[in-house]
Every structure is written in structure tokens, then in C-alpha cells.
Amino acid sequence: MALTGRRLEVDRIATLAVLPRESAMVVVGDPGSGRSSVLDAVSNRVSLPVVRVGVNGSESRWPLAGVTSLFTALDDPRATAHIAHLLQTGETAVPVTAGLAAAHDFLDAVHALTLPPTLVLIDDLDRMDVESQELIAFLAGRLAGTALRVVATVRSVPSDGPLAALPTLRIEPLPSDEALILARTMAPEEANDGVLAVLAAETGGNPGALREQLAVLSREQLTGAEPIVLPLRPTPTTEALAALALGSAAGRDLDVLAKLALVPVAKTTAWDRDELDDLVGAGLATVRGQSVTVRDPLVRSALYWRMPARDRRAAHAALATASTESDPRAAAWHRSFVDDVPDVVALLGAARSYVVDGNVHAAIALTERALHVGGGTEDELVALLGVAEALLGNRLLGFAARYLAALRPFRTTAHEVRRLRLQYSAQYLSGDAVHADELLVSVDATEPADVDAVAGLMAMVACFRAEAWELDQARDLLHRVEPLEASVSPHTLEITATARELIAAIDGTLPSDTDLHDGLATSVLLAMSDPALLLLAHALSIAERYRSARRVFALVLARGPQTAPVWTEAARYLTAENEVRSGNFRQALRAIDVWEAGSSVVERLREPSRAIAIAWRHFAEGRSAEALAVVDRCLEQRSTSRLWGATAKLHALRGRVLLLDGRLEEAAAALEAADAIGRSLRNPAVLRHLGDLVETYARLGRIDDARTITARLAADHHARPGRWGALVLARSLALVADDTTRDTARRRALELFQPHDSQFERARTFAALATVGNPAERPRLGAAAAAAYEAAGMRRPLVTPAPAAAMPPFGTGPSLRSAPVLSASMPGTPRSAPDASAVLTSLTAEERAVVQKVTEGYRNREIASSLFMSQRTVELRLTQIYRKVGARSRSHLVALLT
């Protein structure tokens with residue numbers, strides 16, 4: 001199983017291993033944090049010989065047992081003699097001088113070994129005998145001349161211990177998104193995503209605790225059929241971590257913390273502030289505003305279940321009485337353990353209130369408790385529907401889907417339509433197909449409010465159908481709305497109108513801006529709702545009206561807190577997509593960064609839209625392997641198998657990345673898969689794969705196939721003309737032209753570009769024409785392509801791993817990205833460019849390490865972290881590098897090396 005997360009930790013340790021000087025590091029991590037897994041990943045990553053030293057805790061009472069394990073692991077025949085000498089010295093030395101003498105003997109013994117540069121990985125050094133810990137710490141500070149790089153893992157580093165002076169690397173708990181990904185890889189396939197999200201949060205990002213909880217929960221709990229008891233019952237890892245965290249807590253502090261563990265979150269007004277300050281100072285509690293909670297959910301779990309059941313109930317009763325006035329939500333939680341018939345509606349109302357306040361952890365705890373003690377009455381289900389609605393509004397899809405699955409159909413039309421609206425929205429936003437079988441039959445609604453709700457539901461599903469390129473089904477749903485329009489609200493009419501505009505945009509028939517909403521007048525747009533504005537902006541983006549779309553998206557984002565989080569995140573994502581489509585990569589990267597920073601983290605790579613954005617960012621920053629890994633992971637998810645539009649986009653992106661990496665056969669397969677799915681879509685500017693398919697076929701020598709696809713592209717473009725189609729059609733015609741028309745077609749493809757056109761498509765055209773041009777023109781075209789790529793903001797790696805590509809039979813050379821880019825004679829490199837190998841040999845080893853990180857897209861802060869430098873040192877190194885190689889800027893440095 002691949003290691004989830006921990007990229008930075010593995011990078012830092014691997015960098016230490018290849019530094020020219022000997023060095024040491026202590027890796028600190030809590031029980032279950034995955035220290036051993038990090039060492040496993042490092043041993044598979046580095047090229048140096050690796051010596052792995054395990055620790056047998058039962059040997060900790062034997063002096064020097066750890067040192068003997070280390071010498072035994074080193075591949076040197078003299079190590080055995082040194083072991084015997086050290087043991088003999090330790091027995092005969094005077095106690096006062098034994099420690100220092102043994103340390104120098106140990107150091108001399110290591111120096112006497114004849115070893116190549118070697119990485120020594122010691123797992124759980126703090127479980128060794130004390131003498132061995134001291135000797136290894138002494139050695140770690142004096143490694144010069146030993147050829148050893150030593151990395152040791154421990155649970156903690158006491159300030160007065162022998163390891164305190166060594167550099168340390170802390171393994172922090174996994175972030176929520178990575179913990180959820182790890183849970184998905186560990187859990188059975190049928191496990192509910194919302195349940196896994198709960199487990200990821202309640203285990204605090206600790207992989208060991210997460211693994212143990214997945215093993216002890218029942219199948220019914222993992223699938224969501226039964227509620228989860230929170231806090232989770234402690235496992236061995238939980239107990240070990242709690243013992244470590246509570247080692248310094250005692251007496252009154254521990255009593256207060258145990259009571260605080262009885263509630264997910266409490267108001268500070270109900271507690272003694274001095275006692276809370278003591279807990280916060282000890283790192284055991286967290287205070288945010290007027291709320292306090294136990295800092296680590298695993299510590300809370302251990303404390304909660306250590307208390308006898310009778311004592312817990314009595315404490316709940318006392319806390320319920322004390323918090324009735326000051327903290328009604330906490331009181332509802334406590335009363336659910338005391339009352340014979342708990343007030344489940346009040347409990348769910350408190351949970352919904354917590355979601356609105358942004359305290360999802362407390363909301364989930366109260367909701368699971370409500371499911372555990374509730375009776376399933378209609379009022380309780382309506383309250384649960386309110387919790388799911390609030391969760392979806394904050395785009396917490398996994399949690400929302402988990403509680404929607406616990407609902408059954410309602411008897412009243414209003415509540416049932418509300419349930420279906422949430423269910424369909426959660427399915428769509430999660431990347432699943434929205435079948436909406438309930439709408440296949442006519443819905444009998446007589447009350448005006450019910451008619452409006454049904455019409456709004458059909459308009460919403462029509463939008464989902466349109467996004468899936470099922471335009472006929474979308475039109476059919478809107479046709480069914482027409483007889484109801486006289487009785488529906490202005491909001492529903494607005495959504496219906498913008499849904500029609502979205503369908504027209506996908507079909508390539510969207511009216512001009514002047515015919516939309518009074519010429520897109522600001523006063524009209526400001527009066528529209530957030531979802532209507534998003535539908536309109538998305539339609540404008542699909543219709544290649546990027547500036548208009550940018551303006552409408554900005555109106556949504558400018559509303560700030562007035563806009564629900566789900567719409568804010570949608571606006572951020574669609575803004576990034578708009579910039580990608582326009583070819584403005586720099587702005588797109590910034591938009592993706594903003595979107596990722598402000599978005600929910602409980603859903604990541606299972607959503608096709610999110611996966612496409614993340615993969616595209618890797619691709620734009622020159623990390624093709626990472627881009628393909630993200631796409632492939634998403635394609636493996638069953639949730640995309642029936643969402644054809646998203647699946648086609650994933651295949652198209654995969655094909656483009658493979659094409660630009662020169663992996664032509666694989667690119668052809670991916671693009672053909674996208675074409676098979678999107679064949680019925682007649683607007684070529686939506687999927688944008690046909691131009692890539694033409695280029696792939698041409699470079700493979702399949703000219704007849706390339707001409708067939710070009711003819712399709714021409715027919716579709718003439719039926720639904722657009723700027724992108726015109727540029728890519730001209731490029732495709734140049735690639736498939738015969739000897740008599742090739743020059744004219746090439747000139748046409750180049751002259752067609754205007755200053756406002758996509759720099760990325762300009763670069764693609766230059767690069768493609770370099771593959772079919774004569775040898776004298778290739779350097780010029782290649783240089784123009786490189787400049788256009790840089791202008792578009794696309795970063796390129798130092799080395800592009802690509803096999804030799806088969807080329808068309810009419811005398812073409814390799815493409816810009818079909819071979820390693822460290823060749824001065826490669827097509828696309830200006831004649832005056834220096835040889836990249838000569839540039840690199842003029843640099844020191846540490847400068848070359850910095851250059852490698854720069855070409856991989858690392859920022860200065862990330863370079864400093866991975867190479868153990870200060871950010872100021874990185875800046876000084878870059879200045880020296882620029883001076884040595886004659887670079888004017890970061891991008892110029894990358895250009896010199898590519």
C-alpha cells in the first residue's frame with residue numbers, strides 16, 4: 001500500500017541522505033503516527049545503501065544491546081570484533097569514566113569500519129537501552145568521516161535527554177483530507193464515505209488509531225446502517241497516545257479534563273477560567289472564542305471511557321443542570337444520557353446550529369447520538385433533514401450523504417421534494433450520476449408551494465443532466481416545467497431560464513451577450529440569486545466569453561458572507577476552470593490555490609471536478625507523473641463510471657498529458673476513450689479533445705485517421721463556430737496537409753492568432769508545427785513554443801521522461817516534449833542556448849539541488865524546508881546560480897535548462 005501523505009517528511013529525510021556531508025536527524029512522532037512507514041518509504045526512495053535497525057523492547061534492560069544491533073546490521077566483517085571489545089570495555093571500566101570511555105571507543109570503532117556512504121535508519125530508538133541511546137546520540141553529533149547518515153525515530157525527545165541537541169523532524173497528524181484518503185484505502189469497498197469521514201476526524205489524523213477503529217467497527221456501522229458511538233471506544237494506540245499526553249497531568253487538572261471529555265464542545269462561561277487556562281497551557285485543551293474542547297479526540301476518547309458508567313451518568317446529570325442556561329446545546333447533549341425519553345429533535349436542532357457556527361465535529365457527535373437514541377418519528381426525520389441541509393450548504397458532502405441515507409421518503413410533498421433536492425445535489429457534487437428516477441412519473445402537487453418546489457426540483461435536475469451532456473433529457477425536464485411556470489416563484493423562473501442558457505451554451509447556440517439579461521446589465525445581475533449567476537457565468541465560459549464569465553463570477557464572490565459556502569466554493573472552482581479554458585495558466589493557478597485554501601477537505605479525489613483541477617495544476621507546474629496519478633485514481637472510483645461527462649474530461653486530460661510527454665500510444669488510447677464517450681456532443685469547444693487526437697495520430701503516422709478526425713472537427717466547428725475551434729482546426733489542417741498545401745496551411749495556422757488568444761494554444765501550434773517542419777525551422781518554432789508556454793504560465797520539468805516516439809512518415813522530427821529536455825540539439829531549443837549539462841556542471845552540489853527543486857516547481861519556502869536551509873540561504877544561492885549561468889529570472893533559469 002502506498003504511503004498516504006508524509007511527502008514533506010520523506011522528502012526531507014531523503015534529501016539528508018544525499019547531502020555531501022554526514023548528518024543525523026531525529027524523527028519524532030506519536031504512537032500510531034506512522035514513523036515506521038515513513039522509514040519504509042525513505043528506504044525505497046534513496047539510492048544509498050540502507051541499514052535498518054529494529055529495536056526489541058525486551059532487550060532494553062541489557063546494556064549496549066542496541067549498539068550491538070547496530071554493529072550487527074552494518075556490513076563490515078570487523079564489526080563483530082568491535083562489539084566484543086565494547087562489551088569487554090564496559091565490564092572493566094571504572095563507573096565514573098565508563099560512559100565517556102565507551103563513547104570514544106564506540107566512535108573509534110565506527111571510524112575504523114570501511115563503509116560506503118550509508119543511510120542508517122533506527123526505528124524506536126527511545127526503546128533501546130539507555131547506554132545505547134547515549135552512545136548513538138554521541139555518534140550522531142560526530143559523524144564526520146564515518147560515511148554514515150543516521151535517522152532515528154522516537155516518540156518524544158526530553159529536553160534533558162541525549163537526543164535534545166540533534167535536529168528533529170516532527171511527524172504531525174494527517175490533515176483531514178489525507179486521513180480520509182487513507183481511510184478509503186483501508187476500509188471495505190462498501191464503507192460509507194460519511195462514516196469514514198467521521199472516523200478520520202475522530203481519530204485525529206492518527207493512522208494507527210484509524211486502522212484499529214476500522215477493524216473493530218461492525219459492517220453495519222461502516223456502511224452507515226447503524227450509528228457510531230462517539231467518542232470512539234479506545235484502542236491500544238489510543239491508550240498509548242493518551243498515556244503519553246497525560247503523563248504530566250494529575251490531580252485537579254485531570255479531574256477537570258475528565259469532565260470536559262464528557263461533552264464534544266462547551267462554553268467557557270460554564271467552567272472555571274483558571275482551570276481552563278491551566279489545561280490550555282499544558283496543551284490538553286483548546287479554547288476558541290467562547291468555546292472549549294479537549295484538544296486531541298483520542299485523549300478525549302480515553303478519558304471518557306475510563307470513567308465508570310455510573311459516574312458518567314451522574315456527571316452528565318450535574319453538567320446538564322449547570323449548563324441549562326449558559327450552554328443549551330451542551331445541555332441537550334448531557335440530557336440525552338440522563339432522560340428516559342431523550343429530546344431527539346432538540347439534540348438535532350443543536351447539531352444544526354453547530355454546523356451553522358462551523359463546529360462540524362460537535363455537530364456530528366450530536367447527530368450520531370440522536371441516531372443512537374432516536375425513535376425515527378416524522379419530526380425527528382425532519383430535524384435530521386435540516387442537519388443534512390446545513391451540512392450540504394457548507395459543502396460537507398460525505399457527512400450530508402451519510403445522514404441523507406438514514407432518511408426514508410416523507411409523506412408530505414414539501415419535505416419529500418426537499419429530501420430529493422438534497423439527495424440529488426449530494427450525488428452530483430460528489431461526482432455520481434443523478435438518475436432522479438422519482439421524476440420519471442408525474443408528481444401530483446396542488447398547493448402553490450408544492451408546485452413551486454416540484455418545478456424547482458426539475459429545473460435543478462435539468463442542469464445536472466446538461467452538465468452530464470444529456471441535453472435531450474434536460475430539455476424534456478424543462479418542457480415539463482413550462483405548464484407550471486404560471487404558478488412558480490420568481491426564483492424558480494430564474495433558475496429555469498439560466499438552465500436553458502446552460503443547455504444552449506453546451507450545444508453551442510448561446511445567444512450573444514447583448515441578448516442576455518439586458519446585455520448583462522449590472523443592475524439586473526445584482527438582483528439575481530447566487531445559483532442563477534453561477535449557471536449564467538458557467539454558460540458564458542463554455543461559450544468562450546471568458547471576460548464576461550469572469551465578471552459574473554466576481555459578482556458572486558464579492559457578496560462575501562451573504563453567499564452560502566457551497567456557492568462560494570462553486571464560484572471559486574468555476575473561476576479556475578474559466579481561466580484554464582482561456583489559456584491564462586498563471587491566473588488559473590492562483591484561482592486554484594484560492595479555491596483549495598477555502599474549500600472543504602472531507603471530499604478530495606473522488607470528485608471528478610476536484611481531481612481534474614488538482615491534476616491540471618500538477619500538469620501546468622511540470623509534474624506529469626503526479627497529474628496522471630490523480631486522474632488514474634479518480635478513474636478507478638466507481639462513482640465516475642456513469643457520470644459520462646466527467647469521465648470523458650478525465651480521459652481527455654489524461655490523453656493531453658501523455659501526448660505532451662511523448663507517450664503517444666497511451667495518449668491515443670485515452671483520447672479515443674474520451675471521444676467514444678463524447679461522440680454525441682457536437683460542440684467541439686466543450687471537451688476539446690479532437691485537436692489532441694489529430695496531433696497524436698499525425699505523430700504516430702496514422703495520417704488517414706488524423707484526416708478523418710480533422711474532417712469531423714471541421715464539420716462540428718462550421719456547425720457551431722467558436723474561436724477555440726478555429727485555432728485548433730487550423731493547426732489540425734496544417735498537421736494533415738500534403739506536400740502541395742502544407743506551407744499555406746502552416747502560415748494560416750500561425751497568422752490566425754491574435755494577441756488576445758490563448759498563449760497555451762499558440763504554444764501548442766508552434767510545437768506541433770515543429771514536428772512537421774523542416775530541420776532549419778525547428779529551432780525557431782521550438783523557441784517560439786517555449787516562449788509561448790512561459791507566457792501562458794506553464795512550468796516545465798528539468799527532465800521529461802518519455803520514450804522515443806514514432807513519427808509520421810513524411811520526414812518529421814521529434815516533438816518538443818517527446819525526448820529528454822537536457823539536450824542542446826533538441827528541436828525547440830534556440831541555437832544560442834547553452835548546453836544544459838554544461839550549465840549544471842558549473843554549479844556546486846548544493847546549488848544543483850536548489851536548481852532541481854526550482855525546476856520541479858518548488859517555491860523558496862518549500863526548497864528551504866526540504867534542503868534544511870533558511871529561506872534567506874535559498875535566495876542567496878539562487879542569486880549565485882543566476883550569476884553563474886547568466887539567468888535573469890527564475891523562469892529564465894528554467895528556460896536555460898530546458
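Is cysteine 634 buried or exposed, and what is its relative accessible area?

View 1. Cysteine 634 is buried, with a relative accessible area of 0%. Cysteine 463 also counts as buried, at 8% relative accessibility. Buried means under 20% relative accessible area, exposed over 50%, and partly exposed in between (1.4 Å probe, protein chains only). The count of disulfides is zero, a disulfide being a pair of cysteine sulfur atoms within 2.5 Å.

This is a predicted model, in which local features need pLDDT of at least 70, side-chain atom pairs count only at pLDDT 80 or more, and totals for chains, interfaces and linings use all residues. Residues are numbered from 1 along each chain as its sequence is written, and side-chain values use heavy atoms, with hydrogens and water left out.

**View 2. Helix 7 and its cover.** Helix 7 spans residues 176-186, and its buried residues include Asp177, Leu180, Ile181 and Arg184. Helix 8 (193-202), helix 9 (207-216) and helix 32 (624-636) are among the elements that cover the buried residues of helix 7. Helices are DSSP runs (H or I, at least four residues), numbered from the N terminus.

**View 3. The largest cavity.** The model has four cavities of 30 Å³ or more, and the largest holds about 70 Å³ of space. A cavity is a set of points on a 1 Å grid over the protein atoms alone where a 1.4 Å probe fits but cannot get out; lining residues have an atom within 4 Å of a point. Volume is the space filled by probe spheres set on the points. Among the lining residues are Gly678, Pro684, Arg712 and Asp716. Helix 35 (684-687) and helix 37 (703-719) each supply at least two residues of this lining.

Note on methods: 1 Å grid on protein atoms, 1.4 Å probe; cavity = no way out; pocket = protein on both sides within 12 Å on 5 of 7 lines; lining within 4 Å. Contact = heavy atoms within 4.5 Å.
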